[in-house]
Amino acid sequence: WAGRVFSDDALAGTLAATSVSFDLSVFEIFAPLSVGGTVYVVPDSALDLIAHPERYTDVTLVNTVPSVARELLAAGAVPPRAATVNLAGEPLAPALVRELYAHPVISEVNNLYGPSEDTTYSTHAVTVPGDVRTAIGVPVDGTTAHVLDEGLRPVVLGAVGELYLSGAGVTRGYHARPALTAERYLPDPFSAQGERMYRTGDLVRWRPDGQLDYLG
């Protein structure tokens with residue numbers, strides 16, 4: 001999926017600012033390496049770009065959370081070649097999207113959504129600066145998104161429902177917590193192979209353009 005969605009140029013110098021104990025590090029490390037890119041590992045967090053900007057002049061893709069992106073903008077610490085910014089882990093405000101696109105270097109801002117229970121990412125959107133609400137996009141390859149009501153029935157276009165995820169990224173469950181696993185990992189009624197789906201607890205709706213809106 002990453003190799004299809006992101007160009008080799010975008011992945012050529014990817015910032016790795018996430019702890020290896022967190023699933024987002026899988027993208028930061030292996031996506032660029034799979035296409036011959038370079039991984040720029042920060043010693044602590046992405047805020048190291050503020051303290052030592054000279055170390056990151058060849059970074060082409062910054063993968064971080066919206067709150068850190070806001071700090072990088074405020075400090076003037078966006079690397080000079082970082083045309084692509086990936087944001088995940090927090091709701092992405094339309095105002096921040098507009099600020100990022102106003103930066104002279106940044107040409108693409110991606111909003112990525114995905115709980116750790118469906119690793120690594122579940123949905124992806126290339127943001128549009130004029131959107132009133134920032135979409136979380138469409139499912140990544142190998143993932144299916146179901147927007148269901150309380151009876152696990154699909155809701156109609158535009159109606160609010162709970163997001164359930166199924167596919168290759170769904171994990172096995174919670175270690176030594178069988179009750180919680182049974183509560184959140186349910187049999188997938190839309191699968192002929194007896195797969196499970198993960199109940200995110202998040203409210204979403206399908207937009208007319210086929211993308212998902214995150215509502216909380």
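Modeller: Strands (E, at least two residues) and helices (H or I, at least four) are DSSP runs, numbered from the N terminus. The model is predicted, with local features needing pLDDT of at least 70 and side-chain atom pairs pLDDT 80 or more, while totals for chains, interfaces and linings use all residues. Residues are numbered from 1 along each chain as its sequence is written, and side-chain values use heavy atoms, without hydrogens and water.

Colleague: Which strands each supply at least two residues of the lining of the largest pocket?

Modeller: A pocket is an open set of points on a 1 Å grid over the protein atoms alone where a 1.4 Å probe fits, with protein on both sides within 12 Å along at least five of seven lines; lining residues have an atom within 4 Å of a point. The largest pocket has 25 lining residues, with G89, E90, P91, Y113 and Y214 nearest its centre. The strands that each supply at least two residues are β5 (108–113) and β11 (196–206).

Colleague: Where does the largest pocket lie?

Modeller: Its lining comprises 15 nonpolar (Ala, Val, Leu, Ile, Met, Phe, Trp, Tyr, Cys, Pro), four charged (Asp, Glu, Lys, Arg) and six polar residues (the others, Gly among them). Because both domains (bounds from an automatic or database assignment) contribute to that lining, the largest pocket lies between domain 1 (1–139) and domain 2 (143–209).

Colleague: Which helix gives the most to the lining of the second largest pocket?

Modeller: The 15 residues lining the second largest pocket include W1, T119, T120, Y121 and V140, the closest to its centre. Nine of the lining residues are nonpolar, five polar and one charged. With four residues, the helix that gives the most is α3 (residues 24–34).
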